Amino acid sequence: MVLLAAAVCTKAGKAIVSRQFVEMTRTRIEGLLAAFPKLMNTGKQHTFVETESVRYVYQPLEKLYMVLITTKNSNILEDLETLRLFSRVIPEYCRVLEESEISEHCFDLIFAFDEIVALGYRENVNLAQIRTFTEMDSHEEKVFRAVRETQEREAKAEMRRRAKELQQARRDAERQGKKAPGFGGFGSSTVSGSSAVSMITDTIIEPEKPKITPAPARPSGPSKALKLGAKGKEVENFVDKLKSEGETITTSTMGKRSVEAAKVLTPPVNVESVHMKIEEKLTMLCGRDGGLQNLEVHGMITLRVTDEKFGRIRIYVDNEDKKGIQLQTHPNVDKKLFTTDSIIGLKNQEKSFPLNNDVGVLKWRLQTTDESLIPLTINCWPSESGNGCDVNIEYELQEENLELNDVVISIPLPSGVGAPVIGDIDGEYRHDSRRNILEWCLPVIDAKNKTGSLEFSIAGQPSDFFPVHVSFFSKKNYCNIQVTKVSYIDNGSPVRFSTETALLIDKYEIL
């Protein structure tokens with residue numbers, strides 16, 4: 001058996017992760033995987049297909065394929081046994097068999113693949129051995145580290161004890177009017193007691209950590225800066241090498257979403273002792289041919305009181321929503337008072353709101369299939385031409401009271417066909433060649449620029465450009481619920497308060 005490569009690819013032949021066991025260029029392996037789906041006979045079920053030069057041995061993994069590329073003279077029975085082992089390895093590292101999960105654990109899979117095959121030949125290993133080898137767990141190493149940490153702690157404790165003794169000796173000598181004892185060195189050099197103490201204490205006292213100053217607010221618009229988390233030197237060197245080769249390195253979707261959420265939810269500069277967060281999370285699924293499958297909004301008002309004198313208060317809510325949301329108060333809130341007067345107050349007026357805790361006092365939910373309630377409509381029209389597809393994408397802001405920031409519309413592209421040819425565009429675009437995604441970036445969408453379009457051409461089929469993903473955030477909420485006033489329960493006098501509002505996207509897709 002001579003195994004040339006092992007890969008996990010989509011049904012369209014797009015390589016997600018591939019490990020070559022012989023010398024092979026990237027263009028060669030991408031070409032082989034791109035040709036793989038075209039060779040399969042849809043009318044029959046087989047586990048292998050052959051060409052003039054190679055053999056593909058494959059196994060479906062839900063929406064993906066596990067593919068082994070071998071020479072034609074290899075033993076097909078051994079190939080099938082090796083394929084089964086490869087297919088069992090993948091669920092060990094990936095909870096779900098999806099493209100994003102495979103990409104996230106690609107290096108773990110490559111390390112496991114290397115334990116199965118070496119220089120094109122199968123190693124005599126089973127799944128348990130592969131797990132042990134990749135974990136590289138060593139009892140001796142743990143014991144060594146524990147002993148070393150114990151020795152370091154004992155040495156630091158001894159140094160602190162000696163430093164205290166030297167400081168006490170110096171203070172006693174100064175109190176008696178004597179010269180502090182010194183330490184003889186090599187030759188005629190002598191170190192005084194005070195300097196020796198300072199030298200020792202400098203070695204054991206950790207330096208003060210630098211104060212972190214808030215970063216200046218960046219201007220609105222898509223950021224093209226590379227943002228990487230704290231990683232090891234090997235990963236950083238690998239990323240730098242990819243950058244030098246012209247690849248575009250991007251963070252994962254979940255990472256980007258969390259960064260956006262942190263950016264939106266940063267408290268305002270002047271946070272009062274009574275502070276409220278009005279946060280909504282929106283989920284939308286829409287069909288490519290029109291029709292809203294599901295639109296769901298979850299919102300909540302969270303109260304934080306940091307001064308006990310403001311514990312017994314009432315919150316006045318202005319509900320201008322006309323979409324038909326369902327409201328629900330906290331069990332300790334007077335529901336009758338809120339229903340009649342839109343005022344949030346505790347049932348027991350003698351009690352106070354908890355101090356220094358974020359308490360959800362009101363939440364709401366909206367679920368609908370009414371297309372008129374879609375905040376931002378996306379219309380994607382791919383049409384086949386002689387050389388591929390001409391794609392036209394339009395957006396329209398239907399909720400004109402919203403201001404959407406950092407809007408990114410991500411369109412998937414076919415693999416192995418190069419970069420798209422951009423025609424007319426409102427805003428900017430980024431082409432991620434590694435993930436085969438075209439990102440249409442718009443810094444702001446509001447009532448002044450409520451519509452826009454993008455046109456591009458590329459080889460492919462109309463179905464290649466779905467699903468379309470949309471991400472954005474807004475500092476205005478969708479359901480028009482605001483806090484207008486806060487007052488004391490006893491005398492009704494107003495209380496200074498601060499609020500922050502955020503609309504975040506959980507999922508926004510055109511399928």
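Contact here means heavy atoms within 4.5 Å. The structure is a predicted model, in which local features need pLDDT of at least 70 and side-chain atom pairs count only at pLDDT 80 or more, whereas totals for chains, interfaces and linings use all residues. Residues are numbered from 1 along each chain as its sequence is written, and side-chain values use heavy atoms, with hydrogens and water left out.

**View 1. Surroundings of Tyr-478 in the largest nonpolar core.** Once neighbours within four places in sequence are set aside, Tyr-478 is in contact with Glu-280, Leu-295, Val-297, Lys-323, Leu-366, Leu-373, Pro-375, Glu-399, Leu-402 and Leu-503. The largest nonpolar core has 65 residues, and those touching the most other members are Ile-301, Leu-376, Ile-409, Phe-456, Phe-472, Tyr-478 and Tyr-508. Apart from this core lies another, of 30 residues, which include Phe-21, Met-66, Leu-109 and Ile-116. A nonpolar core is a set of buried Ala, Val, Leu, Ile, Met, Phe, Trp, Tyr and Cys residues joined through side-chain atoms within 4.5 Å; buried means under 20% relative accessible area, exposed over 50% and partly exposed in between, with a 1.4 Å probe and protein chains only.

**View 2. The buried side of helix H4.** In helix H4 (residues 106–116), the buried residues are Cys-106, Leu-109, Ile-110, Ala-112, Phe-113 and Ile-116. They cover an arc of only 165° around the axis and therefore lie on the same side of H4, the arc being that of the directions from the helix axis to the C-beta atoms. Helices (H or I, at least four residues) and strands (E, at least two) are DSSP runs numbered from the N terminus.

**View 3. Packing of helices H2 and H5.** The axes of H2 (residues 76–93) and H5 (residues 127–135) come within 10 Å and cross at roughly 45°, which makes H2 oblique to H5. Axes are lines fitted to C-alpha atoms, for helices over the stretch in contact, with angles running from 0 to 180 degrees between N-to-C directions; angles under 35 degrees count as roughly parallel, over 145 as roughly antiparallel, 65 to 115 as roughly perpendicular and the rest as oblique. Leu-85, Arg-88, Val-89, Glu-92 and Tyr-93 of H2 meet Leu-127, Ile-130, Arg-131 and Thr-134 of H5.

**View 4. Packing of helices H4 and H5.** H4 and H5 pack at an angle of about 125°, their axes being 10 Å apart, and are therefore oblique to each other. On the H4 side Phe-111, Ala-112, Glu-115 and Ile-116 meet Ile-130, Phe-133 and Thr-134 of H5.
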